[in-house]
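Subject: Structure handover and notes

Dear colleague,

Here is the structure I said I would pass on. My notes on it follow below.

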Amino acid sequence: MRETLYLMRHGQTQWNQEKRIQGQSDSPLLPQGETQALLYAKRLAHLRAQRIICSPSGRAAHTAQLVSGGRLPIQTDARLMEIALGAWEGHTWQEVFARWPKEADLYRNDPTNYAPHPGAESIADVRARVRGFLNDERVWQAPTLVVTHGVTLRCICAELKGAMDVWSLPFMLSCCHCEVNRTNGALSVGLFNETRHLEDGYGLWWHGSPVRLTTLRAGSTVTPIRPLAEAFSHKPGRLCLSDDGAIEQDGASPGYLYLVDVPDALLLTPHPASTMPDGYEFLTGCDLPLRLVAETPMRACWPARAPAGDPAGNPLYQTP
């Protein structure tokens with residue numbers, strides 16, 4: 001049986017914009033960061049989460065409150081806090097390199113040999129506490145959304161992928177979506193640093209088809225992700241999803257993209273046979289009206305780039 005832990009980074013803050021180091025200090029969410037959190041709330045409606053566990057930092061707690069909208073209980077866990085960087089917090093990296101050049105160089109370029117100054121942590125310290133969080137059975141008692149921080153998310157991914165260098169992993173985007181899957185006790189990274197919910201058109205209902213339609217029949221597939229519907233409009237024999245949500249498919253047929261009128265989300269159910277992540281595919285419970293949005297020109301993109309699903313280069317999710 002597969003269990004999924006959903007994770008996200010907090011919304012953009014004042015110090016993010018100013019490129020100042022936050023660590024375990026804090027700065028408020030910008031209006032853009034609040035908007036990002038509210039857009040993620042649309043995604044949360046499609047997930048199975050029953051609660052939120054967040055870092056005690058103000059920026060993470062504010063993000064969790066906006067995402068929840070009062071619908072889910074929120075609790076905090078200090079193991080989810082950002083790396084503590086002591087006296088560096090509040091400074092820009094340019095200022096840190098000017099005042100602490102040797103220590104800053106080790107932290108950024110050789111973190112295994114970086115010795116934290118008073119009030120700071122090492123990468124190994126953060127990895128140890130996130131390891132404890134992931135191995136805590138209480139975390140897996142109910143489907144959960146975790147709201148945390150950029151370096152913390154990198155450390156989680158590094159732990160599960162066996163990566164020695166956390167800086168080899170992508171920079172974590174504000175309000176990005178990640179997943180940790182547990183299958184028969186074994187943990188693995190699913191989606192990582194995916195931001196489909198921040199794209200135009202997310203939250204509407206889309207259907208792609210290689211044929212012209214006038215009505216969408218009961219039992220058809222819809223998705224809140226427009227690029228996925230566009231991919232299916234080409235009738236691919238193979239479609240895969242990389243860990244950052246990039247879609248690759250081998251369909252070469254021209255197709256049609258439709259916007260589906262779903263008056264009540266209760267008319268939809270998660271697709272029981274979907275090989276995609278939670279919240280990607282749903283089935284309609286009745287006939288629904290639709291509107292042609294665009295013809296999708298004939299194109300195939302297989303492979304557009306090397307899939308990034310695991311160290312062997314296999315995609316995360318793939319149709320037969």
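This is a predicted model: local features need pLDDT of at least 70, side-chain atom pairs count only at pLDDT 80 or more; totals for chains, interfaces and linings use all residues.

Residues are numbered from 1 along each chain as its sequence is written, and side-chain values use heavy atoms, with hydrogens and water left out.

The sheet

Helices (H or I, at least four residues) and strands (E, at least two) are DSSP runs numbered from the N terminus. Two strands are taken as paired if DSSP finds at least two bridges between them.

Four strands make up an open sheet, in the order S7-S12-S15-S8, with antiparallel pairing. At the edges are S7 (206-209) and S8, each of which pairs on one side only.

Going along that order, S7 and S12 are joined by four bridges in the antiparallel sense, and Trp-206 stands opposite Leu-259 in S12. S12 (residues 255-260) pairs in turn with S15 over six bridges, again antiparallel; here Tyr-258 has Leu-292 of S15 as its bridge partner. S15 (residues 288-296) also pairs with S8 (residues 215-216), antiparallel and over two bridges. In that pairing, Thr-215 is partnered by Pro-289 of S15.

Two helices

For the helices, the expected span is 1.5 Å times one less than the number of residues. Buried means under 20% relative accessible area, exposed over 50%, and partly exposed in between (1.4 Å probe, protein chains only). Arcs are those of the directions from the helix axis to the C-beta atoms.

H2 (residues 31-44) has 14 residues and reaches 20 Å from its first C-alpha to its last, close to the 20 Å expected at 1.5 Å a residue. Its buried residues are Gly-33, Gln-36, Ala-37, Tyr-40, Ala-41, Arg-43 and Leu-44. These cover an arc of only 155° around the axis, which puts them on the same side of H2.

H6 (residues 123-134) has twelve residues, and its first and last C-alpha are 16 Å apart, close to the 16 Å expected at 1.5 Å a residue. Ile-123, Val-126, Arg-127, Arg-129, Val-130, Phe-133 and Leu-134 are the buried residues of H6. Seen down the axis of H6, they fall within an arc of 170°, so they line one face of the helix. As background, an α-helix has 3.6 residues a turn, so residues three or four places apart point the same way.

Pockets

Pockets and cavities were found on a 1 Å grid over the protein atoms alone: a cavity is a set of points where a 1.4 Å probe fits but cannot get out, a pocket is an open set with protein on both sides within 12 Å along at least five of seven lines, and lining residues have an atom within 4 Å of a point. Grid points are joined across faces, edges and corners, and a volume is the space filled by probe spheres set on the points. For residue classes, Ala, Val, Leu, Ile, Met, Phe, Trp, Tyr, Cys and Pro count as nonpolar, Asp, Glu, Lys and Arg as charged, and the others, Gly among them, as polar.

The largest pocket has a volume of about 660 Å³. It is lined by 28 residues, of which Arg-9, Asn-16, Arg-20, Trp-93 and Phe-171 are the closest to its centre. H1 (14-18), H5 (101-109) and H7 (150-161) are the elements that give two or more residues to this lining, and the largest share, three residues, comes from H7. By class, the lining of the largest pocket has twelve nonpolar, nine polar and seven charged residues.

The second largest pocket has a volume of about 350 Å³. Of its 20 lining residues, Pro-270, His-271, Asp-278, Gly-279 and Glu-281 are the closest to its centre. S13 (residues 268-270) gives the largest share of this lining, three residues.

Cavities

There are two cavities of 30 Å³ or more. The largest cavity, of about 40 Å³, is lined by Leu-7, Leu-153, Ile-156, Cys-178, Glu-179, Val-180, Val-189 and Phe-192. S5 supplies the largest share of that lining, three residues. Seven of the lining residues are nonpolar, none is polar and one is charged.

The second largest cavity has a volume of about 30 Å³. Its lining divides into four nonpolar, one polar and four charged residues.

Regards
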